Amino acid sequence: MDFQKSSRRNIAIRRIRRGVVVVAITTGALLTGCSIARQYFAPNITSEHITEVRYLDQGWTREDRELFYSTPQGTELQGLHYQWLSALELPFSQEKLASAENLRGWGFIVDGEDLPQENSTGLHPVGMGKHLNTEDNSERLDLGCALCHTGELHYQGTALRVDGGQAIQGMSTSGPGEFIVTLNAAAVETLVNPKKWARFADRVAGEDAAARAQLRQDLKRYLGEVWDFSRGPGQPKLFPTTEGRGRTDAVGRIGNVVFGYNLGIEENYKTANAPVSYPFLWDIWRFDWVQYTGFTNQAMARNVGESLGVMAPVKLLDDDGRLLPEGEFGQSTIDVEGMQCIETTLRKLKPPKWPEDILGEIDIARARQGKALFADQCAHCHGPHISKPYAWPLASGPQDNPSNQHSINWQWDMAGQVSYDVENRPMREDWRESLWSIPWIDISVIGTDPTAARNYMDHTYDPGPLLPQDAEGGADSRLVNAGNGLQLLLNELVPVLYKNRGISSDSNGIADYDGLNVPFRIVNKAAYKARPLHGVWATPPFLHNGSVPSIYDLLSPLEARPVRFGIGHREYNPQKLGYVTDMLAGNFEFDTTQTGNSNHGHLFTDADVAGRIGKRLSEAERMALIEYLKVMGNPDFSDALGGDPQNWNQYPDAPASALGELACDRFRPAAANVLARGEARNER
């Protein structure tokens, strides 16, 4: 089953073949010894000196952490095989591309340097797992949630691991010496350089001639996919604002992949000039609406949309651009069980606790002052605003649409756990004991860079066969924004993924996988959500686009915020609550004057300007707020603070999910060993 040729791929096949030749010839010429090329492809990495890794207290067991780090969701990096990453060499070198030094220098997090040589698959960063692609039964590299949502703060030789935090890698950034550029250059040189090819083939295929021949074909195919992607959603011209370290234009990339690449409609490619930081994930299951603009409410729909943006192979169209028939539509590597396992595990994750023995003791008197300031200046937006669980109205038939959605799948709505209100209207009662109602703050009020919100609202796409042709309306009437377009697709795709994985309404299976019985909804607002701030001290840089490097800078007047600063090193400043921003080797220079990068808004000022949210803070008030934010909600400090209204022990735990734990069984670290021992006993 060829998942890769999912939409109008007759053209793509020719591009792939042509692309392999073009890439091999042009890059091969560069790789013959040109000194400029050597400099271009040399890894652009930071240098780290860590003597200890400390896992912050966040309520997880070791197994929870390992599940989050390695559970796949079905995404692929243009079909890169899992074993290749550790077998490839750097361009112009015999040094391993995926050495611990290189991977950490690119901003990835690496555990387990001292892997045993026997049966070792080499180093892979946290979040780079594997899954089986049934097209050829090969193990493909899987880009999991932890790749972008695991952070580290470094201080005087200690690395503080922040699970569910913000990554600082630049996975999607193209540029001299960046990971993806170096990886693809290494793959090309491996294909055209006989000596490098021989070493690579020895590591991956051994002496088996048939396996080596297949490996060469697979590598050619991978490079063809890279070429195809670079001519489509990966076109450099689509990214005039460099994402850099720790950011990606998530919605822009999803839109370009889904509506341009998967639907094969080149006119749907839009400029993605609004990179955003990777958000932190603890307590996210409590939110009623998620994403930076708060445009969706359901965990599964959010995760499937994200997996499509990260190039999860999926079959949607035939060679003529029509939706595939039932049974073929939606065949994919997307792993909804893996996603459910990750969601179940994340519900156990607590905010990180400030480590006094490493980052310094808390000034309790100052923190008490900060508590009062937070209540006065911050809580009205950031809450958390506790709400009773919602009763979501449902569509009970094809003509129903009680939530005024752009599209609705009434069968999916009614496949959850359904109850009825006093007027006998169907609804899904949210399983959460309570939830956090997240306010939307209009871009004209918050004053922060509006590009991400405006792009979400204003970029429109032709949904192609996802929307039947309307004889009465013109072409413009068919256009949808990213949210409504994803709703058209996901209303059809997610139920198919459930069916293919054997997830049904029996025992409330669909209700559980949907994310605590929440039906899929979309809202469209030119606004950003104001999320609660427990543990925010561990999540630099700040604002949705990462344009303010520290909380101190965020609390300071606009004229005091850095216009340009370095980002990429993980050395932490515990006084300012942010990364050290010197421009060192391997750092990306963040320029706040570029489109999408503005550091305006969210201002504490006495001037009557857009984006004013509170009074100008004195130096003493800024430091008091900082001191409180270090321990806000941390139950260990509640008594010392004279009681803390943000104490996170007061919030109820997530409902237990037996189905979520069952989904995790397949991915538990010991599962493979148990299975292997069982098979060995059966053979005896």
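Modeller: One term before we start. Ala, Val, Leu, Ile, Met, Phe, Trp, Tyr, Cys and Pro count as nonpolar, Asp, Glu, Lys and Arg as charged, and the others, Gly among them, as polar.

Biologist: What should I know about the model itself?

Modeller: It is a predicted model: local features need pLDDT of at least 70, side-chain atom pairs count only at pLDDT 80 or more, and totals for chains, interfaces and linings use all residues. Residues are numbered from 1 along each chain as its sequence is written, and side-chain values use heavy atoms, with hydrogens and water left out.

Biologist: What is a cavity here?

Modeller: On a 1 Å grid over the protein atoms alone, it is a set of points where a 1.4 Å probe fits but cannot get out; lining residues have an atom within 4 Å of a point. Grid points are joined across faces, edges and corners, and a volume is the space filled by probe spheres set on the points.

Biologist: How many cavities of 30 Å³ or more are there?

Modeller: The structure has 9 of them. The largest cavity holds about 680 Å³ of space.

Biologist: Which residues are closest to the centre of the largest cavity?

Modeller: His382, Arg531, Leu533, Leu543 and His602, out of 33 lining residues. The lining divides into 22 nonpolar, 9 polar and 2 charged. Elements giving two or more residues to it include helix H13 (364-377), helix H14 (379-382) and helix H21 (619-631). Helices (H or I, at least four residues) and strands (E, at least two) are DSSP runs, numbered from the N terminus.

Biologist: And the second largest cavity, how much space lies in it?

Modeller: About 140 Å³. It has 14 lining residues, and the closest to its centre are Ile284, Trp285, Asn297, Ala299 and Arg432.

Biologist: New topic. Where are the cis peptide bonds?

Modeller: One joins Gly383 and Pro384, with omega about 5°. Pro384 sits in the loop between H14 and strand E8 (386-387). Another joins Pro540 and Pro541, with omega about -5°. Pro541 is in the loop between E14 and H20.

Biologist: What is the phi of Asn424?

Modeller: Near 65°, a positive value in a residue other than glycine. Asn424 lies in the loop between strand E10 (418-420) and strand E11 (426-429).

Biologist: Is Asn517 buried or exposed?

Modeller: Buried, because its relative accessibility is 0%. Buried means under 20% relative accessible area, exposed over 50%, partly exposed in between (1.4 Å probe, protein chains only). Asn424 is exposed, at 58%. Asn517 also has a positive phi, about 70°.

Biologist: Now the hairpin. How many bridges join E2 to E3?

Modeller: There are 6, and the strands run antiparallel. Two strands pair if DSSP finds at least two bridges between them. Gly129 has Asp142 in E3 as its bridge partner. The hairpin has 4 residues between its strands, and Asn137 in the turn has a positive phi of about 60°.

Biologist: Last one. What is Tyr456 in contact with?

Modeller: Leaving aside neighbours within four places in sequence, its contacts (heavy atoms within 4.5 Å) include Val251, Phe295, Asn481 and Val523. The Tyr456 side chain reaches the backbone oxygen of Val523 at 3.1 Å. Tyr456 is found in helix H17 (residues 451-458) and is buried, with a relative accessible area of 3%.

Methods. 1 Å grid on protein atoms, 1.4 Å probe; cavity = no way out; pocket = protein on both sides within 12 Å on 5 of 7 lines; lining within 4 Å. Polar contact = N/O pair within 3.5 Å; in protein donor to acceptor, adjacent residues only side chain to side chain.
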